Amino acid sequence: MDKASPRLGRGGIPLKNAAKDVLISTQDYQVSTIIGHSFGGRVALECAMQHANSESNKIQTTWLLDTVPGQAHDSVEQVLHAIEAVGDLGQYKTRAQVSKLLEEQNLDKSLSQWLTSSMTTDSNGYMMWGFDVDMVKDILPHFGTQDFFGKLRHLVLSEDTVSRVHLVRGGKNSAWSIDTLSQLHELSLNSDRFNLHVLPNAGHWVHVDDLPGLSKIWKQFN
């Protein structure tokens with residue numbers, strides 16, 4: 001959630017507004033592929049839907065990284081708790097300092113380093129988050145409101161679209177229910193435009209837990 005995004009304010013429809021932000025920010029580029037992790041995957045799905053229903057349907061491939069339908073993954077709350085516990089960043093000038101503080105809040109070192117990679121500095125050179133923490137907290141309750149399967153089926157089954165969707169799930173993420181996996185498997189059998197992948201040794205943060213495995217899948221289809 002970039003701090004420069006004005007349409008994500010309270011009272012809006014977070015998913016649709018977030019998708020509009022992405023589409024507006026990329027309108028001057030030839031974007032044929034969109035990738036999103038977790039909530040970002042929901043936004044990516046919304047972007048693909050909005051483009052599928054427009055004349056300029058340039059998004060042909062959508063990658064969803066461990067985007068589980070329903071409520072937010074428990075680890076998201078854990079990350080937010082750690083960020084809030086760190087508190088004021090006004091005395092820290094390096095990502096390493098903040099990463100160490102996050103580790104002290106029981107976050108893995110790799111995850112802490114990945115989180116701090118999005119940080120920027122203020123006018124005095126002190127570290128600040130590159131996303132709006134309060135906005136993330138506002139968006140969390142909306143995780144379960146998206147018609148995930150309805151949108152996914154439309155993209156990969158409708159004759160009116162040319163969209164291809166890849167979903168990569170973390171094999172160690174217990175949030176994937178048997179019912180959800182069954183629906184995804186059935187969809188993969190009914191559509192050659194939907195591919196379901198699994199990284200057995202990765203949890204929810206697939207791009208942190210198994211980047212080589214994720215890169216291998218990506219290269220197979222690009």
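Okay, ground rules. Because the model is predicted, local features need pLDDT of at least 70 and side-chain atom pairs count only at pLDDT 80 or more, while totals for chains, interfaces and linings use all residues. Residues are numbered from 1 along each chain as its sequence is written, and side-chain values use heavy atoms, with hydrogens and water left out.

Let's start with helix H1, residues 14-25. Helices here are DSSP runs of H or I with at least four residues, strands are runs of E with at least two, and both are numbered from the N terminus. The expected span of a helix is 1.5 Å times one less than its number of residues. For the 12 residues of H1 that gives 16 Å, and the end C-alpha atoms are 16 Å apart, so the two agree. Its buried residues are Pro14, Leu15, Asn17, Ala18, Ala19, Asp21 and Leu23; buried means under 20% relative accessible area, exposed over 50%, and partly exposed in between, with a 1.4 Å probe and protein chains only. What covers them? Helix H2 (39-52) and helix H6 (133-139) are included in that cover, where contact means heavy atoms within 4.5 Å.

Next, helix H3, residues 74-86. Its 13 residues should span 18 Å, and the end C-alpha atoms are 19 Å apart, which agrees. In H3, Ser75, Val76, Val79, Leu80, Ala82, Ile83 and Val86 are buried. They cover an arc of only 160° around the axis, so they sit on the same side of H3; that arc is taken from the directions from the helix axis to the C-beta atoms. The background here is that an α-helix has 3.6 residues a turn, so residues three or four places apart point the same way. Turned away from the buried side of H3 are the exposed residues Asp74 and His81. The cover over the buried residues of H3 includes helix H4 (95-104), helix H5 (109-116) and H6. After H3 comes Gly87, with a positive phi near 75°.

While we're at H4, have a look at Lys100, which lies in that helix. Lys100 counts as exposed, at 54% relative accessibility. Its C-alpha atom is 8.7 Å from that of Gln113, 13 residues away along the chain.

Now the strands. How many of the five residues of strand E2 (residues 61-65) are buried? Five of the five, so E2 is largely enclosed by the rest of the structure. Thr61, Trp63 and Leu65 are on one side, Thr62 and Leu64 on the other. E2 pairs with strand E1 (residues 33-37) in the parallel sense over five bridges; pairing takes at least two DSSP bridges between two strands. Leu65 in E2 is the bridge partner of His37. E2 also pairs with strand E5 (residues 164-170), in the parallel sense over five bridges, and there Thr62 stands opposite Val165.

Last, the rings. Rings of Phe, Tyr and Trp (its six-membered ring) pair if their centres lie within 6.5 Å; planes under 30 degrees apart are stacked, over 60 edge-to-face, and the rest tilted. That gives five aromatic pairs. One of them, Trp129 and Phe131, is tilted, at 5.4 Å centre to centre and 35° between the planes. Trp129 is buried at 8% relative accessible area, and Phe131 at 15%. Phe148 and Phe149 make an edge-to-face pair, 5.5 Å centre to centre with 85° between the planes, and both are buried.
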